[in-house]
Amino acid sequence: MKKPPIEKPEDAQQVLLHACCAPCSSAIVEWMMANGVRPTIFYFNPNIYPREEYEIRKEESKRHAESLELQWIDGDYNHEQWRAAVCGLENEPERGRRCEQCFTLRLVEAARKAKMLGLKYFTTTLASSRWKSIEQINRAGMAAQEAVPGTVFWAQNWRKGGLSDRRNQLLKEFGFYNQQYCGCEFSQR
């Protein structure tokens with residue numbers, strides 16, 4: 001029997017969805033809601049630079065969540081803290097150690113927020129990007145799960161099941177701003 005492209009944990013009715021941006025969230029949120037999962041959107045992206053770029057992405061994420069009447073949480077912006085966390089990794093290539101450190105920082109915070117809200121599961125839209133390493137994201141998610149007992153990382157390749165194509169359709173339907181780089185100043189190169 002063929003394994004389905006998206007596998008929902010049996011008892012997952014609510015989940016904290018760490019969202020990097022509205023375009024990457026859109027198809028995932030749609031899939032979750034169609035499959036009996038209510039996501040709480042957690043926008044935590046201190047890596048995004050410059051601040052103006054962060055604000056544009058934040059407002060799009062908030063607009064998307066509000067249009068679906070979903071809870072949306074601003075994780076606040078502290079780029080200096082993020083820079084300190086990746087110090088020494090500035091010259092790493094994309095998909096290098098800097099990216100994994102960045103994912104871990106963000107997903108530990110997502111796990112903390114999930115626990116604070118009484119949500120068992122957390123996952124991330126980072127796993128929808130073809131520019132990201134699924135293996136790095138999963139390692140970061142498992143590290144976050146370990147760091148915050150009582151939480152479970154829903155490791156999922158959100159590119160599958162037609163979600164990449166649906167993302168592109170929803171991007172146009174919602175008229176989302178679509179960024180041209182990951183977010184940090186090092187990914188602009």
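Which residues does lysine 115 touch, not counting residues up to four places away in sequence? In this predicted model, the residues touched by lysine 115 are Val148, Pro149 and Thr151. Lysine 115 itself has its place in helix 4. Its C-alpha atom lies 7.6 Å in space from that of valine 148, although 33 residues separate lysine 115 and valine 148 in sequence. The relative accessible area of lysine 115 is 45%.

Two packed helices are described by the angle between their axes and the distance between the axes. For helix 4 (residues 97-117) and helix 5 (residues 134-147), the angle is about 40° and the axes are 8 Å apart. Helix 4 is therefore oblique to helix 5. The handedness of the crossing between helix 4 and helix 5 is right-handed.

The residues that form this contact can be listed for each helix. Helix 4 contributes Cys99, Glu100, Phe103, Thr104, Leu107, Val108 and Ala111. These meet Gln136, Ile137, Arg139, Ala140, Gly141, Ala143, Ala144 and Ala147 of helix 5. Sorted by class, the contact between helix 4 and helix 5 comprises 10 nonpolar, 3 polar and 2 charged residues.

In soluble globular proteins, nonpolar side chains tend to be buried together. In the present model, the largest nonpolar core has 48 residues, of which Met32, Phe122 and Trp158 touch the most other members. The element that gives the most to this core is helix 4, with 7 residues. Another core, of 5 residues, lies apart from the largest one, and Trp82, Val86, Cys102 and Cys184 are among its members.

A further position considered is proline 5, which is placed in the segment before strand 1 (14-18). Proline 5 is in contact with Gln156, Lys160 and Gly161, leaving aside its neighbours within four places in sequence. Between proline 5 and leucine 126, the separation is 121 residues in sequence and 17 Å in space, from C-alpha to C-alpha. With a relative accessible area of 41%, proline 5 is partly exposed; this value falls between 20% and 50%, and proline 5 is therefore counted as neither buried nor exposed.

Terms used. Residues are numbered from 1 along each chain as its sequence is written. This is a predicted model: local features need pLDDT of at least 70, side-chain atom pairs count only at pLDDT 80 or more; totals for chains, interfaces and linings use all residues. Side-chain values use heavy atoms; hydrogens and water are left out. Axes are lines fitted to C-alpha atoms, for helices over the stretch in contact, and angles run from 0 to 180 degrees between N-to-C directions. Helices (H or I, at least four residues) and strands (E, at least two) are DSSP runs, numbered from the N terminus. Angles under 35 degrees count as roughly parallel, over 145 as roughly antiparallel, 65 to 115 as roughly perpendicular and the rest as oblique. A crossing is left-handed if the near helix is turned anticlockwise from the far one by less than a right angle, and right-handed if clockwise. Contact means heavy atoms within 4.5 Å. Ala, Val, Leu, Ile, Met, Phe, Trp, Tyr, Cys and Pro count as nonpolar, Asp, Glu, Lys and Arg as charged, and the others, Gly among them, as polar. A nonpolar core is a set of buried Ala, Val, Leu, Ile, Met, Phe, Trp, Tyr and Cys residues joined through side-chain atoms within 4.5 Å. Buried means under 20% relative accessible area, exposed over 50%, partly exposed in between (1.4 Å probe, protein chains only).
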